[in-house]
Structures are given as structure tokens and as C-alpha cells.
Amino acid sequence: MNDIFIDVDYAQIYKHGQKIGGDVFLLSRNPENDQIVCTLSDGLGSGVKANVLASLTARMAHKLSFSPMDLTHSARIIMNTLPVCKERKISYATFTIADIRHEEGEEVKVNLVEYDNPSALVFRGANSYLWQPERIDLEREGAFKQEVLGHSQLKLSIGSRLVIFSDGVTQAGMGKALPLGWRLEGVRSFAQAQIEANPDISSHDLAQAIVCRAHSLDRLSAKDDITCMVVYVRKPRRTLVVTGPPFTVEHDQDLVDKISRFEGKKIVSGGTTAQIVSRLLAKPLKVDMSCWSPQVPPCSTMEGIDLVTEGMLTLSKVAIALEQKKPVRSLPNDAVRKFIQVMQESDQVHFIVGTKINEAHQDPNIPVEIGIRRTLIGRLRKALEDNYLKETSQEYI
Amino acid sequence: MGKKERISVKICVGTACFVQGGADLLLYNEFLDPVVLGGCDIEGVSCLGGCKDPNAKDRPPYVQIDGVIHGDMTQEKLCKLLSEAVHA
């Protein structure tokens, strides 16, 4: 597993009265070469028309950035392809592409291409980093204005952030609270203050804070689509999930040693497993009778372990909720909700799966939903990787 | 008259017990008489081990009352056993 994690998220508010956005954000991860590409495009106008322009632009920019093609050539292809607006007789969409690669060490390389979007901001810790992008004039035939791409190659170390946003953010409050809008400097100082106040602020929270502030400057009636995305390079947050007793009793101590050595959050899922851990760590196990639902048995508490739950029922409900991307707030206050909260707050999840067969689960009266532990962990890992972009690993004991 | 000892009640919340009626027993605040409830210390336990005993005569869910494990537990049976224990 990587020792570096790239946290990417975005937040968006549509122009007041619109049900569809003219800003489009795309994100893909290519796990084979540790590459992440995120694209933000703002289409001309608003609503459906803008969305078509922006979606086309973002999708093309996105696909082309995975190809070895020269970026000026890619930009020309995009601009030649865009449909022409009926009213304004021009075809136009802005875009920013961040091609992020982690090759070696504790640094991440960012290849940033900007076209007519507000300049991206980079923060190293809470300090703003200023740089001069290389300017490339496209000199495209039939262009209705001068087309200049900004190209920058940046290095982000642990604790650095890249903030990209549409003009809905920089122009927020224009003519109302602020005569010329929030402007780049306003966004910069706001983001800086947010990072200073909370140095570990996640990409999701920072993007959300910037978008909410822009919306409030617009007096909660956005004059344009407001979109902000944040890339945050940091140490990964790790979680260990232990489920099932080891195949032989002799391995019980190994399991407990692995739990003790692990740095990060720890979940023990399974009554018998919890009893083994409790016995060997000499820490009492207490069932929390306030936290259960008719489908999920109560969770327990144990010193040194962040969450102790029942095994198969809880895991199968967790798998279903993760597969269906159920929002945490829609779940009852039970072990499944707590489990999913910990999963969502983690970047890397390691599973240690005990292979002992539970005699009690062989009873034909037990519902079929108590499946095979390995299958269940496979489903959990797939849902975490596909739906939540988490890194997972697994070992049997 | 000396102070009466409280009854220790442990409800198994293991998988096998929970899916075979144990979940209903966790609603003890609703179906137990408040007087009985007042005389008991009720807690959950992650497994009482009854389901793994090949010689067990009864089936899950299991509840331990003052150290004795009772199987095939239902809300009615728990009410009866606890009121007998409290009023004894």
C-alpha cells in the first residue's frame, strides 16, 4: 500500500433556478500507474446548453489527457468539436485539467492545463504558493478570440493542496456584497484561513466551505454555477478490520499481535473474535445496549479497539449499504452506521479474515443472508474500491 | 429484612441468537414489568457459547440468569423467569 494518499473531492451549487449544471467535474483514477486525472469544465451560458458544452469538453479533455497526445493538439481538437451556440454564434467552454501522478517518494507531480478558468491555487500547509504558468497561444483557425492555454508542472509534497474552481466562485457577490465579486485574492485568503483554522481539513470539507461561502456572497441565490474541487496530498488514514477467529487456536496470539502493532483505527467484527481479543489483551468487553436495530445486533466497546461489532449480519448489512451507496444519515444508529462512518473516514482498509468455521452458523434455521465470510469480504472490498475509491488489502489467518 | 440481591441477566447478542429471536429480547424495556426491571441488572454479552455446544438440549436464543443458561428464550418465558426470580 502507498504511503501517500491523494484526496480529491469537489462541491457544487447550480445557478439559482437551474436543475442542471453548466460546470462539469470528472475524476478518474488509473491504479496501474498511480495516475489521477480530474477535469473541471464550465460551459457557455447555463442549464442544458452549458451542460452539453461542458460535458463534451470535460469528457474529451479527460480522455485525451490519458493519451500521449500533445496537449495543445488536444485543446485544438476540443475547440473544433464543440457545437456553436445559436444566440452568440460561438462555441465556448473553459476547462482545467489536472493530471496527477505519484511516481516515487513523498511527492506528487501535477501537470496542470488551464484554459480561461480562474487560476488554480496551491497551498503548502497554509502558505499560498505562487508560480507563473507557461503560456501557449493556440493560434487556431476560425477562433473568435485569442486562445491561450496555461501550462504548469507542479510538485505537491505531503500537506499540500491544489484548489481549482469555476468563475462562479471568483465572481460570487458581484454587484451585491462586493462590487467586483469575491475575486481570486478573496478565495485565496478564505481558503488560507480555513486551512489555518483546521490544518487537516479534508478536500470535501474545504471544497464545501468555499462553495458555501461563495453561495452566501451571492445571497443564497447563485448567479452562476459554483464549483470547487480540491486535491489534498497527505498521509493515508488506515483502518484494520479483523473478522473471524483464526483457523487454529495457536494463531490467536498472532492475530492479537497484529492488532496491537497496527497503526490506525481498529475494528473487530465477530463475537467470538472479540472474545479472543478481549481475553488475550486482558481488556473487558462490554455490550453497548443503546446502539442496535432490529436487523443488526448491538456493538460493544473495548479499550484499544475503536469499534467492536457482531460479525456476519453486520458485515452483510455493511456490504449492502456500501454497494447501494446509502448515505450515512439515512441509516439507523447501529453498528452498520458506525462501521460505514469509519470506512468513509479511511483511505486504506486492511482485512484480516479468520478461516475457522463457526459451528453455530451451520444450523439450517439460520437465514441465508449469513453467507460465507470470504465472499462477504470480497463484496465489501469491491464496493469500497469501486464506489468509494478506497485502497483495500486482505490476508487470511 | 435485608436488602435483596439484584438478579444478573445476560442476553446473548451473538449472530445465532440474534437472528433466532434474540433481537426481540433486547426490547426488554418494553415488555418487562417495571418492578421486575428494577430488580434486574440486564446486559448484553457477545456469546454465551450455548449455540456451539453439540450436546445442548435447547436452542438459541440463550439468556443467562444468575449464572444459569436458559435456551429457547422468548419474551413470555423471560417475563415469567424474571418475575419468579425477583419475587422469590
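Predicted model: local features only at pLDDT ≥ 70, side-chain atom pairs only at ≥ 80, totals over all residues.
Two residues are in contact here if their C-beta atoms, placed from the backbone, lie within 7 Å. Keep that in mind for the packing.

Start with chain B. It has four helices and four strands. Along the sequence, the pattern runs β-α-α-α-β-β-β-α. The chain counts 88 residues, and 38% of them are buried. Now the contacts. Take those in chain B between residues at least 6 apart in sequence: 67% join residues at least 24 apart.

Next, one helix of that chain. Helix α1 of chain B covers residues 15-25. How many of its 11 residues are buried? Nine, so call the helix mostly covered, given that buried takes 20 or more other C-beta atoms within 10 Å.

Last stop, chain A. Look at Q348(A). This residue sits in strand β17, residues 348-353. Why is Q348(A) partly exposed? Because 19 other C-beta atoms lie within 10 Å of its own, and buried would need 20 or more. Now find L384(A). It is 36 residues from Q348(A) along the chain, and the two C-alpha atoms are 9.6 Å apart.

Terms used:
Residues numbered from 1 in each chain as written. Chains lettered and ligands numbered in written order. Buried ≥ 20, exposed ≤ 12 C-beta atoms within 10 Å, placed from the backbone. Helix = DSSP H or I, 4+ residues; strand = E, 2+ residues; numbered from the N terminus.
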